[in-house]
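Subject: Structure handover

Hello,

Here is the structure I promised to pass on. Please open it first, then read the notes below it.

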Amino acid sequence: MMVKLDKRGLPLNALRSFEVTGRLLSMRLAAQELGVTHGAVSHQVRALEERLGIELFIREHNRLQLTPQGQRYYYELHRIFDDMVQATLALDPQSLEGRLTVGCSADTAANWLVPALGSFIQRYPEIQLQLLALQPGDEIDADIEVGIFNGLPATGTYQAEVLRQQHFYPVCAPGFISGASISLKPGDLSAYRLLHSDDGSCWNQWLTDAGVGLSPVQEQLFLPNVVTMLTAAKQGLGIALAQDLEVAEDLLSGSLIQLSDQGLRSSSQYYLLTLKDSLLSDRARVFSDWVRTLLR
């Protein structure tokens, strides 16, 4: 029967001996890495097994192999020890080496942030990025140093900066409308299916500004989010009203085309949230500068 443990009774030396032995599958090599004797490692691992009431290794023919329970335990401990290293590195705010946690919505991550991250990772490989899904109304986790929001969130101990005004344009797959070009008239859209990622308000506003109304018989398709709406547009299911930033790469690659120069200027904006200057690490500073360059 496994013995229950709490934080006060964790056998840290034994856990470390097991993690290194599980990684190297050799107590001799583990002893060399830890700077102790082979006997000390063997004793620590045996003591851990007795305390847990399970076998962590299969020992046969002078070879070690993790048991199924040992393998699961090793993976968890290996991750935890890595997290401890990253947490220690992150203590130095002047060091670029370490983890940086960034909060943003799933749509923001999928539509433009992740596709652009390659240039940042190539330039700063020592920064370990962690993206957390976060909406403007969510409570901001204490680990988050930088946030990118579509809409102004509650700032608290953070400072907010406007990054970009949102503009929306009609887009579709290249073959969806025969002969479609940038000079397509707004009234012509009434013959085609409209795609929505909201309740229809965005399209209604665009059509109203264009001086045409939504046809009562017009086909419409309502989708759960922006990513799904843009996927539907690329599949030729209809015309999406998309934010220019979110479809910039698609327009360049030709997977989508813009049907009109008439844009809808949204009241919503992109905001960059950062900790106050005195609390900001150099990792957060370089990432924030990269995002500013990307969006301006």
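Contact here means heavy atoms within 4.5 Å. Helices (H or I, at least four residues) and strands (E, at least two) are DSSP runs, numbered from the N terminus.

Two points on the source. This is a predicted model, in which local features need pLDDT of at least 70 and side-chain atom pairs count only at pLDDT 80 or more, while totals for chains, interfaces and linings use all residues. Residues are numbered from 1 along each chain as its sequence is written, and side-chain values use heavy atoms, with hydrogens and water left out.

Begin with helix α1 (residues 12-24) and α3. Their axes are 8 Å apart and they pack at an angle of about 105°. Axes are lines fitted to C-alpha atoms, for helices over the stretch in contact, and angles run from 0 to 180 degrees between N-to-C directions. That makes α1 roughly perpendicular to α3. The cut-offs are: under 35 degrees roughly parallel, over 145 roughly antiparallel, 65 to 115 roughly perpendicular, and the rest oblique.

Which residues of α1 and α3 meet? From α1 come N13, A14, L15, S17, F18 and T21; from α3 come V41, Q44, V45 and L48. By class, this contact of α1 with α3 has 6 nonpolar, 4 polar and no charged residues. Ala, Val, Leu, Ile, Met, Phe, Trp, Tyr, Cys and Pro count as nonpolar; Asp, Glu, Lys and Arg as charged; the others, Gly among them, as polar.

Helix α3 (residues 38-52) also meets helix α2 (residues 27-34). The axes of α2 and α3 come within 8 Å and cross at roughly 105°. These two helices are therefore roughly perpendicular to each other. On the α2 side the contact uses M27, R28, A30, A31 and L34; on the α3 side, H38, V41, S42 and V45. The contact of α2 with α3 divides into 6 nonpolar, 2 polar and 1 charged.

**The hairpin**

Strand β1 (residues 57-60) and β2 run antiparallel, joined by 4 bridges. Two strands pair if DSSP finds at least two bridges between them. R59 has L64 of β2 as its bridge partner. The hairpin has 2 residues between its strands, and H61 takes a positive phi near 55°. Strand β2 (residues 63-66) has L64 and L66 on its covered face, with R63 and Q65 on the uncovered one.

**Aromatic rings**

The whole structure holds 10 aromatic pairs. Rings of Phe, Tyr and Trp (its six-membered ring) pair if their centres lie within 6.5 Å; planes under 30 degrees apart count as stacked, over 60 as edge-to-face and the rest as tilted. F120 and Y124 form a tilted pair, at 5.1 Å centre to centre and 45° between the planes. F120 and W290 have ring centres 5.4 Å apart and planes at 55°, so this pair is tilted. F120 lies in helix α5 (residues 106-123) and W290 in helix α9 (residues 282-295), so the pair ties together parts that are 170 residues apart in sequence.

F120 is buried at a relative accessible area of 1%. W290 is buried at 13%. Buried means under 20% relative accessible area, exposed over 50%, partly exposed in between (1.4 Å probe, protein chains only). F120, Y124, F287 and W290 form one aromatic cluster.

**A116**

A116 is also found in helix α5. At 17% relative accessibility, A116 counts as buried. Leaving out residues up to four places away in sequence, A116 touches W290 and L294. The C-alpha atoms of A116 and E249 are separated by 9.5 Å, though the two are 133 residues apart along the chain.

Best wishes
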